[in-house]
Amino acid sequence: MKPHVTYQQLKTLHVPEEPPLIEQPELAPHKDSRYILVITILSTMLVLAFLVRMFFLPFHSPASIGNVVATPSLDNTCNDPCRITLLESIPEGLTYDDNSTINPSIFEGWRKLLGDARSTLDIASFYWTLTNEDIHTQDPSASQGEEILAELLKLPSRGVSVRIAVNPPTPKQPCKDLQKLEEIGVQVRKVNLPRLTSGILHTKFWIVDQMHLFLGSANMDWRALTQVKELGVAVYNCSCLAQDLGKMFEAYWALGLPNATIPSPWPANYSTTYNKETPLELQLNGTDAGVYFSSAPPALCAPGRTEDLQALLGVIDEAQEFVYIAVMSYLPTMEFSHPKRFWPMIDNYLRKAAYERRVRVRLLVGCWRHSKSYMFPFLRSLNAMQDNRTHYNVEVRLFVVPANETQAQIPYARVNHSKFMVTDKVAYIGTSNWSGDYFLHTAGSALVVNESNVEARIPPTLRDQLQKVFERDWDSQYSRELNSVGQWQDLCSSQ
């Protein structure tokens, strides 16, 4: 829901001003009427071109933070030497075969981004727990989170301006990390989405110097580095993408002001031309790609921004061969609504793909002690479409992260927390669990990369790499078939 606001209310957002309009130079008269006619025609053409630019193309303001100003081309192309790296967190004690796919760790990716930071760092996050302190544990595997926090605390002394948009803290999540950061000059704004959208700020991304970025499933939590299975991407030397993601951060930042309201529509300098219909055309690791960011909920989507649900459904709808999904939670419901509400939007698209186009669908769902009991009947229903006679090809499996006695004592750990989808055409890496509330009320984001026109696959594309990650997990010893009723109770709590 987008509340109506007046322009007076918009002023409370402290929206960056749009650049002033450029006045047309006054043309000196010429004695020769022919010259006057030519000059008049040229002037008219300039005015028409300006009007077309103003009214038919979203306007981009350079009044965002940092020193680099985005200059998007009218044909949605980018010449930056963009480099993308798939990152993972593999929980301690979870091992694969020696010849299995291995990617750099999220810890390594975060550490590199912090080392590269020269002027600005913006982080949009759900909560912060980078040390044992807030959750009263003494686990040595928190050392990686502690190292990340220590590096963050050094940034202001290096001249790096740090801004953090975060969900409001709760008694159970006091965010002592943020208190330490604020004490040294880091700017922190609590975004009250419970009041604004009846949701939370659940997104997870970084923007460094408006040139580099991280987006993925990992929270600012030491467990996301050593005790929870996560997946994300780092993109380097890509101002076109980083500054477009920056517009989403600026929206969170504006809504973090006291008594902020959601503008409807959002001012033009939050808009984008990079979306499902017109993705940004660039090269990732030297490979041609069409790329855009999607966002949730709809109320936080500025003009031109593809809603995250529409991006996700579009990826499923365009698949011709397969749809592979890895997500912690999959529920065709409004998970947190009262009274209960059925919400089969994504479920319908998966069934449609299997039935109408004979697309192979595989769904790998996280299984842990906090899994909702009512999720499993829905999973069994979807899995029932696997049928040798009709050749419908839908399979659901559970991914179980093992835990020893010590690991089992760590709260909210030992789970596959990844949130991604890969098809024969597209890689989709998001921050949301798959239930209605996350797409309609909760702030989330996703990176959508289409490399379907690539013929040579050396080096492997991001889509290729993501497919290998899924297939590795699907075929691993941690992947369990969804068979008997009640099986999940013993399986998911056995860790």
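**Helix faces, sheet order and helix packing**

Trainee: In this predicted model, which residues of helix 3 (residues 106–116) are buried, and what arc do they fall within, seen down the axis?

Mentor: The buried residues of helix 3 are Ile106, Phe107, Gly109, Trp110, Leu113 and Leu114. In an α-helix there are 3.6 residues a turn, so residues three or four places apart point the same way. Seen down the axis of helix 3, the buried residues line one face, because they fall within an arc of 165°.

Trainee: Which strands stand at the edges of the open sheet?

Mentor: The open sheet is formed by seven strands with mixed pairing, and their order is 1-9-7-6-2-4-5. An edge strand here has a single partner, so one side of it is left without a neighbour in the sheet, and this applies to strand 1 (83–89) and strand 5 (187–190).

Trainee: How do helix 9 and helix 10 run relative to each other, roughly parallel or roughly antiparallel?

Mentor: Helix 9 (residues 308–318) packs with helix 10 (residues 345–356) at an angle of about 10°, and their axes are 9 Å apart. Since angles under 35 degrees count as such, helix 9 is therefore, relative to helix 10, roughly parallel.

Trainee: How many residues of that contact are charged?

Mentor: Helix 9 contributes Leu309, Leu312, Leu313, Ile316 and Asp317, while helix 10 contributes Met345, Ile346, Tyr349, Leu350, Lys352 and Ala353. Of the residues in this contact, nine are nonpolar, no polar ones occur, and the number charged is two.

Terms used:
Residues numbered from 1 in each chain as written. Predicted model: local features only at pLDDT ≥ 70, side-chain atom pairs only at ≥ 80, totals over all residues. Heavy atoms only, no water. Buried < 20%, exposed > 50% of the residue type's maximum accessible area, 1.4 Å probe, protein only. Helix = DSSP H or I, 4+ residues; strand = E, 2+ residues; numbered from the N terminus. Arc of directions from axis to C-beta. Pairing = 2+ DSSP bridges. Axes fitted to C-alpha atoms, helices over the stretch in contact; angles between N-to-C directions. Parallel < 35°, antiparallel > 145°, perpendicular 65-115°, else oblique. Contact = heavy atoms within 4.5 Å. Nonpolar A, V, L, I, M, F, W, Y, C, P; charged D, E, K, R; others polar.
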